Amino acid sequence: MTLCYYQGVPTNVSITFNATYPKLVTGKIGNAFYGDGSGFGMTFTGFDWSKSQYTFAFWLKDDGVSTDTMQRYLYWAEELTIGQGWGDTLVVWVYSQTSGWWRVSASYTPGEWHFIVVEIDRSDPLNAVVNVYIDNNLVASKTGKADWDESETSIDIISKSYSLIKKTLDEVRVYYRLLSDDERKLLYLAGRKKLSEPANFRQIFSPLIDLTRDRATFYAGLEVSTSDPNGYVPVPESAVNMSITSAEKLKSDYTGVPFYYQGHYWYRADKIQFNLPIQFETVRESGGFSKEILLDDDQKTFVYEKEFKVINPTAARINVVYTVDPTALGFSVLQYPAFELDGIRMAEWRPQNSTSLKLIATDTLEPGEISTHWIKSIWTISKEELEFPAKLDDFREINSFEEARKLFENAAKGKADTWVKVIKIDSNADVSNVTILVPLKGVEEEDDVIEAVALTGSRETLQVEKLEDGKVVVKVPAEAFVSGHAEIKVLYNKETSWWKSILEKIRSLVAKIKSLVFGG
């Protein structure tokens, strides 16, 4: 049995027995001291009462209630007393040489084990602060004078001069400092177990959260280590892919079950690596880029917006990297529109020894954080068009939009069978898998187009197609664009208005003759 701890280390005390007490009984951990009456006690010598801070902690089980006397659990020369007062009241008495006694009181339920912690901060002895915790809850706090006589050198754990009525004491601890919240909770939940101090967390890699996905789970890599060869290191409950799966879990001295605190279990190891999940989910999305875009105006603007949510379900602080792959949205890595995350432009990142590109932004997720963000991108595309009569030889000589402009300015106006359209398309981005459909105004049938050719990029022959609404369009593929710029030329037959009128009259006359000859 180890009943008393001094500065966290088991220590010896002097025990005074009467005929019956103190008795060894079952305690919170192993055995404990039980007493009923007076004339027995335990004293620790070599105590320093000149310190500025003290913490007294112990487990108490009260099977009897006193109504008329002060029972001392921790006692020192009537300068400091922690005990039971009247009824089920816990009382801390503090003595001041200048103003006398003052006290702090709190209540507890008899017949049950309670973990009692009393803190005294007398950094300023004339304004000392006393805090009382019961079962890790702060139940009382008071300020007063603690300018006591500092020459004493002992403390009574149980005072033989006062009665102790049916009380069991166990795991009595004394510190010359205040305990942290974690230390206090560890003593309350796990007992004698000592966690590694300190345990060092290191994030090995950050998850690359792909914002073009609809929903997904990404993983961060972490490592926790300690220099204590016999220590335990904390690992979040949500950890997966642990580098060590056979490590012993720290178990509570009280319950025998694994110790769990603030989302962590503790494992006996000097180093463990693991992954932690980060959840990503799209909230809403608008303005997506289609695979085919009809450029039926001189300029079009497309606004892509996406609101998303990220969840850190772990008890660890995690750094993440948000990424956008422009090619996943139809753009080329050579030129793409700017993307903003929460109003801030995302940076460009090209992985080493790779031709790929990603736009990135960093963030830090606090434990349990659920946050919402948005990305936005604006893509503009415009066209300028020249149309003039030209022969096939003229068409073949056109190699650029500027050359076509000169021919356009010098073209003879009047009747002609063939016409040329030269169209320049400009965009703030290169498209990698988007086809631009450019309507050919004045062209009624796709067979009227003699030839359509790209003047930039692939310089390929272009496909002409008639849409369901009757529009005839030329299809400009991504390969025809260079740095967001494409030029095309189209040679087509154009019926003049006088010939079209005659043709319609001939068709009408033929229809009437058929009606007269064949009777409709």
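**Entry one: the cavity.** I looked for cavities and counted 1 cavity of 30 Å³ or more. A cavity here is a set of points, on a 1 Å grid over the protein atoms alone, where a 1.4 Å probe fits but cannot get out. The largest cavity holds about 60 Å³ of space, a volume being the space filled by probe spheres set on the points, which are joined across faces, edges and corners.

I noted that the model is predicted: local features need pLDDT of at least 70, side-chain atom pairs count only at pLDDT 80 or more, and totals for chains, interfaces and linings use all residues. Residues are numbered from 1 along each chain as its sequence is written, and side-chain values use heavy atoms, with hydrogens and water left out.

**Entry two: the lining.** I listed the lining residues (an atom within 4 Å of a point) of the largest cavity; among them are Cys4, Tyr5, Tyr6, Phe44 and Phe47. Strand 1 (4-6) gives the largest share, 3 residues; strands are DSSP runs of E, at least two residues, numbered from the N terminus. Strand 15 (154-158) and strand 16 (164-175) each supply at least two residues. By class I found 10 nonpolar, 1 polar and no charged residues, with Tyr and Cys counted as nonpolar.

I then examined an open sheet of 3 strands, in the order 20-22-21 with antiparallel pairing; pairing requires at least two DSSP bridges between two strands. Strand 20 (232-236) and strand 21 (260-261) are its edges, each pairing on one side only. Strand 20 meets strand 22 (residues 264-268) over 5 antiparallel bridges, and proline 236 stands opposite histidine 264 in strand 22.

Terms used: Helices (H or I, at least four residues) and strands (E, at least two) are DSSP runs, numbered from the N terminus. On a 1 Å grid over the protein atoms alone, a cavity is a set of points where a 1.4 Å probe fits but cannot get out, and a pocket is an open set with protein on both sides within 12 Å along at least five of seven lines; lining residues have an atom within 4 Å of a point.
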